[in-house]
Structures are given as C-alpha cells and as structure tokens.
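Me: I would like to go through a structure with you. Could you take my questions one topic at a time?

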Amino acid sequence: MSLNVQRASPIPILLNGRWRQKRVESEEPVTKCPRLSDSPPDSTDLPSPGSPGPTPGSSPFSSQGAARIGNYILLQSLERHNVFRAISSHTGQEYVCKVFDIKSYRDEIGPYLQLPAHKNITGIEEIILGEKKCYVFLEKGHGDMHLYMRSCKRLGEEEAAQLFEQIVSAVAHCHDSGIVLRDLKLRKFVFSDEQRRRLRLESLVDAHILKGKDDSLSDKHGCPAYVSPEILNTSGCYSGKAADVWSLGVMLYTLLVGRYPFHDSDPSALFSKIRRGQFCIPDSISPKAKCLIRSLLRRDPAERLTAGEILLHPWFRAASEQVSVDQEDLSSDQTVPEFDCDQQDASSFFC
C-alpha cells in the first residue's frame with residue numbers, strides 16, 4: 001500500500017522541536033499498514049509485543065509487518081487506540097507515534113501547537129501528513145506515574161515533593177498558556193529518564209483551549225477518582241482551572257498516602273463522598289503536606305490555590321530540606337505570599 005501526498009501550499013511541520021513551514025511533496029511507501037485508518041493493526045500486520053525491531057542500517061521492512069512512515073518505522077501497537085511504538089531508521093532512537101485522521105488532526109494536536117516548549121511537557125518531534133492520516137511522533141517515556149505508584153504504594157515526602165513539583169509546573173504552564181487539561185490524572189505523566197527523577201506531561205487528550213481569560217466550562221470530563229465536586233453538583237458552568245487543581249490534590253494525596261482520598265467500588269457512593277469533600281489524612285503526613293492537601297481539596301473552587309500558587313508553598317522546601325521550615329527563615333521576597341499552615345479559615349492560602 002502506497003500513500004502519495006502532494007501539497008500545493010506550505011503546512012506547519014515540527015522538526016527537532018521547532019516549528020517550520022515545510023512543503024510536503026511525497027511520502028515513502030507504507031507497507032502492510034492497511035488498518036491504520038480504522039484501528040490498531042492486529043498481529044498479522046505488526047510484530048507482536050517483545051519482538052525485535054529493526055536495527056540501524058538494516059532494511060526498514062526487515063521485520064515482518066513493520067510499516068515505514070517517512071524516516072520512521074512503526075512497530076507494535078502500545079495497547080492504546082492508534083498509538084504505536086516507532087523507531088527512527090536513521091538513528092535507531094525510539095519514539096511514540098499517534099495516528100489521527102487527516103481531517104481532524106489539527107483539533108487533536110491543537111493544545112501541543114498552542115503550548116510554548118516546556119521541560120515537563122512532552123514535545124512533538126515531527127509531524128508527517130499522509131493522504132488520509134496524520135502521524136505525530138513524540139518523545140518516548142519510561143513508564144507512567146500510575147504504574148510507578150502501583151509498584152511503590154506510596155512515596156516519601158522528599159521524593160513526592162520533587163515529582164509533584166514537576167507535575168504542578170507542567171499544569172501551571174498549561175494554565176498560563178490558556179489550556180485546561182480536564183481529565184488530569186497520574187497516568188498522563190511519564191518519566192523522561194530511566195532513573196525516574198524527571199517527569200513530563202505525556203498526554204494532552206481532552207485538553208481544552210480557552211478563548212480569552214474565561215476558564216468556564218460546561219462539559220463533563222474526568223476520571224471518577226479525580227473528578228471535582230462542582231462537576232458532579234452543577235449542570236451549568238464550572239472553573240476548568242480550579243477543577244484541574246482539585247485533581248492535583250487527589251494526585252498529591254495519592255503520592256503520600258498510597259490510595260485515593262475518595263474511593264468506593266460503587267460509583268454512586270464514590271460521588272457522594274466527593275460531593276461531601278470529607279477525607280482523612282494519616283498522622284504520618286507532615287503538617288505542611290497536610291496544609292497543601294487541604295488547600296487543594298477545598299469544596300469551594302474559589303478557595304483552592306492556583307497552580308502557580310502551589311509552587312510557592314513551603315512544603316516543597318521543607319520536604320527537600322533545602323531551607324529551614326521556620327517561618328522566620330522563609331524568603332523575604334515580597335512577591336512570595338506568606339503561608340500559615342495553622343489557619344483554618346479561608347484567608348491567606350486556605351490551610
């Protein structure tokens with residue numbers, strides 16, 4: 001099967017992390033990839049998981065069922081709809097390839113195009129347009145946070161602070177760039193390194209591009225364990241950014257405690273617990289960590305911290321043992337708000 005593309009006008013293409021105007025004249029033939037237009041190919045089309053891929057310098061079609069897209073070789077499906085493992089035929093470097101319909105790919109990757117580059121957000125390496133499909137090649141991750149937590153059960157506060165700070169940094173960058181993530185959860189963050197020290201937001205699926213500064217949303221998106229009470233309670237609009245912050249609170253609690261703050265096998269009972277907003281924090285969690293969790297899991301969206309404010313919370317400093325946790329030793333920079341983790345009212349940072 002061959003795909004030949006002719007373009008009469010320039011289209012935006014991302015090469016090596018930089019957007020350029022590039023005229024696409026043609027693509028190299030694609031072999032044994034007839035089902036890419038509908039669903040991930042089965043084992044007769046692509047190699048089974050664990051089968052060896054082509055090595056640099058070998059024929060791009062040496063692996064049975066492998067498909068060549070431009071300078072990349074598509075291997076087996078990654079058990080997600082239209083997501084494949086890919087290898088550069090030039091360097092042997094591994095990537096993730098997401099395949100979209102050519103008619104809707106701009107909507108699908110719109111959030112990526114909107115976002116300036118950020119170290120904690122996965123970047124697009126290259127986009128190749130076919131006749132019917134768009135092939136988007138992204139950096140490969142080294143496992144996601146959901147799987148990591150299943151293996152670790154829970155994290156110490158120093159490690160949790162290091163990873164959570166990167167998670168919040170990615171979310172704050174999205175919010176500052178006019179993007180609400182909506183279905184925000186641990187599974188969407190992957191490790192950039194095999195040592196599992198650096199995180200990236202891997203998926204912008206369900207992300208919404210805001211028009212102006214108004215972040216009001218009316219449609220309902222989210223994983224049940226992470227959904228905010230206002231989404232369950234209202235039939236009207238809600239703040240998309242505040243809903244993202246609630247999800248961050250669920251994530252932080254899960255990192256430190258090893259389970260969700262609200263959990264039940266019955267969805268109705270789960271949603272009832274979320275609406276009430278009542279949860280218990282174990283005594284083993286430090287006071288400043290408790291302060292931050294409570295600042296995020298506020299029933300009233302207006303009382304939650306913003307993503308940018310979260311990064312200023314003293315728990316990060318205390319957990320990393322970089323500075324004294326005493327209030328008198330905090331930075332005197334007037335741009336940094338004061339945190340009072342003993343306050344129980346809705347003033348200051350709502351601890």
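This is a predicted model: local features need pLDDT of at least 70, side-chain atom pairs count only at pLDDT 80 or more; totals for chains, interfaces and linings use all residues.

Me: Noted. How many helices and strands does the protein chain have?

Reply: The protein chain has nine helices and 14 strands. Of its 351 residues, 48% count as buried.

Me: And what does the accessible surface come to?

Reply: For the protein chain the figure is about 17100 Å², and carbon and sulfur atoms account for 46% of that surface.

Me: What share of the contacts join residues at least 24 apart?

Reply: The share is 61%, taken among contacts between residues at least 6 apart in sequence.

Me: What is I310 in contact with, leaving aside its neighbours within four places in sequence?

Reply: I310 is in contact with F164, V168, V245, L248, L292, L296, L305 and F316.

Me: Now the aromatics. How many aromatic pairs are there?

Reply: The count comes to nine aromatic pairs. One of them is formed by Y72 and Y95, whose ring centres are 5.6 Å apart.

Me: Why is the pair of Y72 and Y95 edge-to-face?

Reply: The planes of the two rings stand at 85°, so the pair is edge-to-face; the cut-off for that class is over 60 degrees. The pair links distant parts of the chain, with Y72 in strand β4 (residues 72-80) and Y95 in strand β6 (residues 94-101), 23 residues apart. Y72 and Y95 are both buried.

Me: What about Y253 and F279?

Reply: Their ring centres are 6.2 Å apart and their planes are at 85°, so this pair is edge-to-face. Y253 belongs to helix α5 (residues 240-257), whereas F279 sits in the loop between α6 (267-276) and α7 (287-296), so the pair ties together parts that are 26 residues apart in sequence.

Me: Are those two residues buried, exposed or partly exposed?

Reply: Y253 is buried, at a relative accessible area of 0%. F279, at 23%, is partly exposed.

Me: Which residues do ring pairs link into a cluster?

Reply: The cluster consists of W246, Y253, F262 and F279.

Me: Changing topic: what span should helix α3 have?

Reply: Helix α3 (residues 157-176) has 20 residues and should span 28 Å at 1.5 Å a residue. Its end C-alpha atoms are 27 Å apart, which agrees. Since 15 of the 20 residues of α3 are buried, the helix is largely enclosed by the rest of the structure. G178 follows α3, and its phi is positive, near 80°.

Me: Last one: where is K211, and is K211 buried or exposed?

Reply: K211 is in the loop between β12 (208-209) and β13 (216-217). K211 counts as exposed, at 80% relative accessibility. The C-alpha atoms of K211 and I179 are separated by 9.3 Å, with the two residues 32 residues apart along the chain.

Technical notes:
Residues are numbered from 1 along each chain as its sequence is written. Side-chain values use heavy atoms; hydrogens and water are left out. Rings of Phe, Tyr and Trp (its six-membered ring) pair if their centres lie within 6.5 Å; planes under 30 degrees apart count as stacked, over 60 as edge-to-face and the rest as tilted. Helices (H or I, at least four residues) and strands (E, at least two) are DSSP runs, numbered from the N terminus. Buried means under 20% relative accessible area, exposed over 50%, partly exposed in between (1.4 Å probe, protein chains only). Contact means heavy atoms within 4.5 Å. Accessible areas come from the Shrake-Rupley method with a 1.4 Å probe; for residues, only the protein chains shown count as cover. The expected span of a helix is 1.5 Å times one less than its number of residues.
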